[in-house]
Amino acid sequence: MNWHNKTVSDIYVLLKTTEQGLSSAEAQKRLHEYGPNELKETAGKTVLMMFLDQFKDFMIVVLMIAAVVSGLIGELVDTIAIVVIVVLNAIIGFVQEYRAEKAMKALKAMAAPAALVVRDAEKINIPAAELVPGDVVMLEAGKIVPADIRLTESARIKIEEAALTGESVPVEKTVEALRDESASIGDRINMAYKGTVVSYGRGAGMVVSTGMKTELGRIATLLQEAEEVKTPLQKRLAKFGQRLGIAVLVICAVIFITGLMRGEEPLLMFLTAISLAVAAIPEALPAVVTISLALGAKKMVRQNALVRKLPAVETLGSVTYICSDKTGTLTLNRMTVEELFVNGETVECRNFLVSDEGLEFDASSQVSSLLHALALSNDALLDRDGNAVGDPTEIALFEIAAAYGLKKGEIRKKFPRVAEIPFDSERKCMTTFHKTPEGRIISFTKGAVESILDSSVNSPASGGLEEMSESLSAKIEEAAEKMADDGLRTLAFGLRQWEVLPDDITPETVERDLTFIGLAGLMDPPRPEAAEAVGTCRTAGIKPVMITGDHRLTARNIARRLGIIDEEDGVITGTELDSLSMEEFEEKVEEIRVYARVAPEQKIKIVKALQDRGEFVAMTGDGVNDAPALKKADIGVAMGITGTDVSKESAHMILLDDNFATIVKAVKEGRRIFDNIRKFIKYTMTSNSGEIWTIFIPPFLGLPIPLLPIHILWINLVTDGLPGLALAVEPAEKGIMKKPPRHPQESIFAHGLGYHLFWVGLLMGSVSVFTQAWFIKSADTHWQTMVFTVLSLSQMGHVLAIRSDTTSLFRLGILSNKPLLGAVLLTFLLQMSTIYVPFLNPIFRTAPLTAGELLITLALSSVVFIAVEIEKWWQRRRDKNND
């Protein structure tokens, strides 16, 4: 039902009620029919089901099987390590899912706890949950609107709807029916919506919708229906885990069969194949991912970004679009006077200088008259702390006058207000009367440009008063249109002088024969740091998009000032968006940068269209209307100061300083974390590849299996552990924010990673097999210990070399990642202990090496490090030639 199109009399008929309200009996009947005025929650999963769902991931299943196998062959250390990792990840996933339930609780908290209604012809307070369609509700300043209401009375009532529509200025309401059936929520000025706040005046209206049928309820429904999407990392690791598990099983089967064909013992080959399978699965990967994200989240808190969902840290590194709400996110959420039209020209306030003479009232001076009008013709007040309170527009006028030296406290004493005619939406103006120090009366009329111009007969000029001619009127209208085109809200001011206060203070007798004294252009300005952040996003290959409930011209002006759009770029409105099918919209969505006057479900449509085009979308916002889109987006970013509880609960990350620029820091951190996770995968999978080649090649060369199961598991334990985890704290590489975002569909093995782990793993295995063949031929009985050590230490050389994809370790500095250096040294000492600690020799089947054997082993272990450094040198040279 389009209630905004119905007249008040139609509403009474449709809802079968009167001004006297419902009877108690009828209200109870309707409460039973429509249900309580509450937001309902969908039946959620039980706590146990939430926890058990965390074990469905393929990678987790493979790790659990590996844990069981490790326990069966007696490797309890590996079993315990894997179980701890799996449980840790399950707990983290459970906490992440549990937070979704809080979003609905936050929405419910927004509902008004009580409402003043007319029942049985009497005004009574009832719980808001007992409201029913047809109830007559009384509204006054400071109250939360308890249901969706069609207004029937309005005494200058203004409602703050920013949380629902994104409109930064309180909306003045009327009771007349509207003709536009497709009017957006922000344009339905005869409606009051559940969860919004009355900021001024009073009124009354009929309840037309309650509970989940309200606009707030529709958002709750969207929030429940919005599906959370997997992060890029989760998608990549899930695909990676499935492929790896299959590949490992195939390789182990081949090794087992090959060993049997060569005549090896079946039990030994079975244990070797199983050990290799356990080693090939990078069980430390989930831990590295978790620790990397946790450390990143901790660092981001210090940069005013609170991460509610750990994978969101990495997701920022893949983001290709940032869809940002305008009000309070890109702008200050505070109206300011940007321009003044005075003495026949438009001036920017920051460049407008006022002499001391301008501070003394002079009716023949436009500057003096306009400044006094700004200071006196508004209702803003100072609280005990000295802060201006009142309507945002009034505060803006108050502040600009004070900035020029006219303090309202002082000027009000000098020009006390003696009468006023309140603002009326039909007249579109207001008038205040003030007594001058000389005892005369001046009146200032403020309002819409057309209203003031129609009532003006002259304007101050250098030679006195200039008659309001057609040319002067056209000049003023042109200035006003230019302000409007720039997205400014324009107010005009008129002056009239009286010998005494008139007896008949009515608009018809007072608001005529005015002296036009100027215009003021107001807007909610962009945050100073937002333009730089937008520029950085563009440098990083991220496309910023503004989505707002504000008007087209305002949105365009802000977007231009921020650098989101150029002059030739257009703006699309919610109405225009509605006229496009999803297929038509998806064809255009990547070219659109600004959306104005949009509804909550349209924000989801925008996010979905971008996602359908293969983009990864971050959505920032602070209002209730943003919550479903925040949840639907690949990463939702809420504002910590101005953000509603609903938006915070729905978001993956919260900006504690409400600063759009903080997102840039978060993007950089996300990219660094993904780079480090990728380095770990490069390291651990190359190591596992080397181990597989070391076991796989010898039988084809007529050599025995070089390593025992305990050797494989030991190498897996000491090399995959601390050195891999230390990669998580590797600093960001230079130029990380000058690269384009990773393509959302990009394989985790892209940019040569798969090629690297193949050839380096093959080299690592070849060096190990070479060691085996050489020393068996030399009749050296320590050959197995040497192969064991070469393979283990080759991996340490490799982890040092891959700290950067292109920069040499010697340029990075060996001390620039001290945790990694410490992990490498500890691993070296542990490996040496298996050789030189006597009681460990029988456990690991090792023997002490001579000094010569140890030197040869260390030299062979450095081959991989040297080879990777040469690869990086070649890459640097190629990059230089391409430049």
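Predicted model: local features only at pLDDT ≥ 70, side-chain atom pairs only at ≥ 80, totals over all residues.

Author: A residue counts as buried when its relative accessible area is under 20%, as exposed when that area is over 50%, and as partly exposed in between. Arginine 417, at 24% relative accessibility, is therefore partly exposed.

In general, side chains of opposite charge can pair when their charged atoms come close.

A second pair has another setting. Lysine 326 and aspartate 550 form a salt bridge through their side chains, at 3.0 Å from N to O. This pair links distant parts of the chain, for lysine 326 belongs to helix H12 (residues 326-330), whereas aspartate 550 is in the loop between strand E21 (543-547) and helix H20 (552-562), 224 residues apart. Lysine 326 has 0% relative accessibility and so counts as buried. Aspartate 550 is also buried, because its relative accessibility is 4%.

Helix H20 itself takes part in a further pairing. Arginine 561 makes a salt bridge with glutamate 338, and their closest N and O atoms are 2.9 Å apart. Since glutamate 338 lies in strand E10 (residues 336-342) and arginine 561 in H20, this pair ties together parts that are 223 residues apart in sequence. Arginine 561 counts as partly exposed because its relative accessibility is 39%. A network of salt bridges also occurs in the model, linking Arg188, Glu215 and Arg218.

The surroundings may now be described, beginning with the whole chain. The protein has 35 helices and 26 strands. Of its 883 residues, 56% are buried. Among contacts with a separation of 6 or more, 72% are between residues 24 or more positions apart.

Helix H13 (residues 366-376) illustrates a covered element. In H13, 11 of its 11 residues are buried; among them are Gln366, Ser368, Ser369 and His372, together with Val367 and Leu370. The axes of H13 and helix H14 (residues 392-403) come within 7 Å and cross at roughly 130 degrees. H13 is therefore oblique to H14, and the crossing is left-handed. On the H13 side, Leu371, Leu374 and Ala375 meet Leu397, Phe398, Ile400 and Ala401 of H14.

H26 is mostly covered, with 30 of its 35 residues buried. Packed against H26 is helix H27 (residues 709-720), at an angle of about 165 degrees and with the axes 11 Å apart. The two helices are therefore roughly antiparallel, and H26 passes H27 in a right-handed crossing. The contacts join Phe680, Tyr683, Thr684, Asn688, Glu691 and Ile695 of H26 to Ile712, Ile715, Thr719 and Asp720 of H27.

A few individual residues complete the account. Glycine 735 occupies the loop between helix H28 (722-726) and helix H29 (753-777). With a relative accessible area of 36%, glycine 735 is partly exposed. Its C-alpha atom is separated by 9.6 Å from that of alanine 540, a residue 195 positions away along the chain.

Arginine 156 is not a glycine, although its phi is positive, at about 55 degrees. Arginine 156 lies in strand E4 (residues 148-160) and, at a relative accessible area of 21%, is partly exposed. Arginine 845 also has a positive phi, near 55 degrees. The place of arginine 845 is in the loop between helix H33 (841-844) and helix H34 (851-861). At 56% relative accessibility, arginine 845 passes the cut-off of over 50% and therefore counts as exposed.

Key
Residues numbered from 1 in each chain as written. Heavy atoms only, no water. Salt bridge = Lys/Arg side-chain N within 4 Å of Asp/Glu carboxyl O. Helix = DSSP H or I, 4+ residues; strand = E, 2+ residues; numbered from the N terminus. Buried < 20%, exposed > 50% of the residue type's maximum accessible area, 1.4 Å probe, protein only. Axes fitted to C-alpha atoms, helices over the stretch in contact; angles between N-to-C directions. Parallel < 35°, antiparallel > 145°, perpendicular 65-115°, else oblique. Left-handed = near helix turned anticlockwise from the far one by under 90°. Contact = heavy atoms within 4.5 Å.
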